[in-house]
Amino acid sequence: MNKEEVKICSILGIWGSIIFVSCYILQLILTKEGEENMWFVTLTLNMLGYGTVLLPGYLALRYVRDSGYLDRSTGRFSSIVRLFFAGKPDMVDEEHLVKTDDKKERTQKEQAMQLVFCGAGLQASYLIWGIL
């Protein structure tokens with residue numbers, strides 16, 4: 001591993017660990033067994049939990065973009081970093097794509113049915129999450 005790869009791994013590992021440990025300590029301090037927690041305490045802990053992945057990922061993304069890592073590095077690690085931060089390149093040439101302008105406009109009834117279907121799906125998901 002070269003310096004840049006070590007730096008990317010340390011950004012992800014160190015920041016993720018710091019946020020995880022701080023979230024765990026806050027959880028020990030703010031929650032008491034057998035008591036009902038206030039909703040904003042639970043919200044704060046959930047946000048910190050998401051932060052253990054999102055903040056280090058954002059910092060690594062900024063480093064990768066600012067340093068130009070994807071432009072000059074090769075190897076397995078760089079292909080993994082490229083997959084996470086840049087995605088796969090398109091394999092189809094634009095010449096071979098067939099453009100169709102024959103899009104069917106949805107009627108208001110179809111749009112309303114789709115909205116009801118999506119809303120019912122979300123409500124079912126929330127119900128299942130609440131039960132589990």
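Of the 132 residues of the protein chain, 17% count as buried, where buried means under 20% relative accessible area, exposed means over 50%, and partly exposed lies in between (1.4 Å probe, protein chains only). The model is predicted, and for this reason local features need pLDDT of at least 70 and side-chain atom pairs count only at pLDDT 80 or more, whereas totals for chains, interfaces and linings use all residues. Residues are numbered from 1 along each chain as its sequence is written, and side-chain values use heavy atoms, with hydrogens and water left out.

The protein chain contains 5 helices and 0 strands; helices (H or I, at least four residues) and strands (E, at least two) are DSSP runs, numbered from the N terminus. Along the sequence, the pattern reads α-α-α-α-α. Among contacts (heavy atoms within 4.5 Å) between residues at least 6 apart in sequence, 63% join residues at least 24 apart.

Helices α1 and α2 pack with their axes 9 Å apart, at an angle of about 170°. Axes are lines fitted to C-alpha atoms, for helices over the stretch in contact, and angles run from 0 to 180 degrees between N-to-C directions. The two helices, α1 and α2, are therefore roughly antiparallel, a term for angles over 145 degrees. The contact of α1 with α2 involves 18 nonpolar, 7 polar and 2 charged residues. In this division, Ala, Val, Leu, Ile, Met, Phe, Trp, Tyr, Cys and Pro count as nonpolar, Asp, Glu, Lys and Arg as charged, and the others, Gly among them, as polar. Asn46 is a residue of helix α2 and is partly exposed, at a relative accessible area of 44%. Its C-alpha atom is separated by 8.9 Å from that of Cys23, although Asn46 and Cys23 are 23 residues apart along the chain.

The whole structure holds 1 salt bridge, defined as a side-chain nitrogen of Lys or Arg within 4 Å of a carboxyl oxygen of Asp or Glu. Arg62 and Asp66 form a salt bridge through their side chains, at 3.8 Å from N to O. Both residues belong to helix α2 (residues 39-67), where Arg62 and Asp66 are 4 residues apart, about one turn of the helix. Arg62 is partly exposed, with a relative accessible area of 43%, while Asp66 is exposed at 60%.

Glu5, in helix α1 (residues 3-30), is buried but has no salt bridge. The nearest side chain of opposite charge to Glu5 is that of Arg82, 9.6 Å away; Lys and Arg count as positive and Asp and Glu as negative, with His and the chain ends not counted. Apart from neighbours within four places in sequence, Glu5 is in contact with Tyr69, Phe77 and Ser78.

Key:
Angles under 35 degrees count as roughly parallel, over 145 as roughly antiparallel, 65 to 115 as roughly perpendicular and the rest as oblique.
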